[in-house]
Amino acid sequence: MADIAIAGAGVMGRLLAWQLARNGHRVRVVDPAPDPCAPGAAAFTAAGMLSPLAEQAHAEPEVADLGWRSLRLWPLIAQALGQPGLVKTEGSLLLAHGSDVGTAQRALARMDDGPEPLNRAALQMLEPALAPDLKAWWLPGEGQLMPRELLVALARASPGVDWLWGRRATAVQPHLIALDDGTELDADVVIDTRGLGAKPDLPPLRGVRGEILWLHAPGVALHRPVRLLHPRHRVYLVPRPGDVIVVGASEVESEDRSPVSLRSAVELMAAAHSALPALAEARIVHMDTHLRPALPDHRPCLIHEPGLLRINGLFRHGWLLAPALAEQALQHV
Ligand SMILES: Cc1cc2nc3c(=O)[nH]c(=O)nc-3n(C[C@H](O)[C@H](O)[C@H](O)COP(=O)(O)OP(=O)(O)OC[C@H]3O[C@@H](n4cnc5c(N)ncnc54)[C@H](O)[C@@H]3O)c2cc1C
């Protein structure tokens, strides 16, 4: 049994803590969030799309490979947490307006075999509320999950883990995490999953601003995540329980975490409304901004040295990549 100390309780930190505790290790986790439900991590803001195919439009093939592995693992994790309904892998749709088909074709050209064009009747059968003149492609096997619920479930299902909420790591080194109250945690292995908080130790790391909106749209049926291919925006709509549709997300080269800008809100909502006209009377119930931790090559990194493991750079894909990266990390531990 090893003694493991983890800095950062986002998706990566919680998943590792849960897995390591299940494997019989002693685990302590430090995070400045006051409690497991407080939305400190970027993972709380995420839409929860699991899109290895669609993300190929602007990600390396490695991301898709890890993503497909995670897509097999997430349902097993949700099952083990006793909440199988938090993960769905029932496919998603790519959409484009007729005038944007050129943009769509360029994105589709970067994807492996998979996207199947759908005719109008097939689209209407799958998603009758979508604008009928949209071009559509079916992405089999893609999925979605419920980020907030999974983050809380992972923390609650890990009773053997010692969660040090409300504490910030001031130094993360091999075998040692120093805390803001002057105490230190010694461990056989330290794992750094602080996301953007690890910037002092990973200088090329940067935050990429993402903005997201939640709409309450009773009676507007959307059965699966859909993504609109658009020359200027990457807009997706993700149905959630309680008649909520999440619309996301902007991608802005900025580390500004101030509230959603008017331009992003207008553009995201205009694009969403153009795909799903019934959203006209939806109510905007929540807006959120967070920073995606990104490295210059936009790939995840797993850096290992004796007594220390750093996992970072999850960028747009943290939920998509976390289980596959956790699997790799566990081999090092
Ligand atoms: C708008 C938006 C939409 C997104 N949508 C998706 C999506 O649909 N699908 C997908 O796969 N990904 C999505 N993402 C990306 C995903 O959220 C990130 O890739 C993921 O959260 C990164 O996980 P992480 O665990 O590395 O970092 P985080 O989730 O940010 O967690 C880092 C944790 O470290 C803690 N921390 C920071 N500093 C310290 C410190 N000094 N000491 C201790 N703890 C510290 C923080 O409080 C936080 O809890 C989205 C992101 C955004 C912003």
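Ala, Val, Leu, Ile, Met, Phe, Trp, Tyr, Cys and Pro count as nonpolar, Asp, Glu, Lys and Arg as charged, and the others, Gly among them, as polar. The model on screen is predicted.

Start with the second largest pocket. Select Arg232, His233, Ser250, Glu251 and Glu267, which lie nearest its centre among the 13 residues of its lining. The lining divides into four nonpolar, four polar and five charged residues. The space in this pocket is about 310 Å³. Next, colour strand 16 (234–240) and helix 7 (262–275), each of which supplies at least two lining residues. Helix 7 has the largest share, with four residues.

Now go to the largest pocket, with a volume of about 1000 Å³. Of its 48 lining residues, select Ala41, Ala42, Ala43, Leu291 and Pro293, the ones nearest the centre. Strand 18 (283–294) is among the elements that give two or more residues to this lining, and strand 18 gives the most, four. By class, the lining holds 24 nonpolar, 16 polar and eight charged residues.

Colour domain 1 (3–54 + 148–204 + 297–332) and domain 2 (92–140 + 206–294) separately. The largest pocket lies between these two domains because both give residues to its lining.

Last, select Asp192, in strand 13 (residues 189–192). Is Asp192 buried or exposed? Asp192 is buried, because its relative accessible area is 1%, and buried means under 20%. Show the side chains: Asp192 has a polar contact of 2.7 Å with Arg194 and another of 2.6 Å with Arg310. Leaving out residues up to four places away in sequence, Asp192 touches Ala7, Val172, Ala198, Leu309, Arg310 and Ile311.

Methods
Residues are numbered from 1 along each chain as its sequence is written. This is a predicted model: local features need pLDDT of at least 70, side-chain atom pairs count only at pLDDT 80 or more; totals for chains, interfaces and linings use all residues. Side-chain values use heavy atoms; hydrogens and water are left out. Buried means under 20% relative accessible area, exposed over 50%, partly exposed in between (1.4 Å probe, protein chains only). A polar contact is a pair of N or O atoms within 3.5 Å; within protein, one must be able to donate a hydrogen and the other to accept it, and residues adjacent in sequence count only if both atoms are side-chain atoms. Contact means heavy atoms within 4.5 Å. On a 1 Å grid over the protein atoms alone, a cavity is a set of points where a 1.4 Å probe fits but cannot get out, and a pocket is an open set with protein on both sides within 12 Å along at least five of seven lines; lining residues have an atom within 4 Å of a point. Grid points are joined across faces, edges and corners, and a volume is the space filled by probe spheres set on the points. Domain bounds come from an automatic or database domain assignment.
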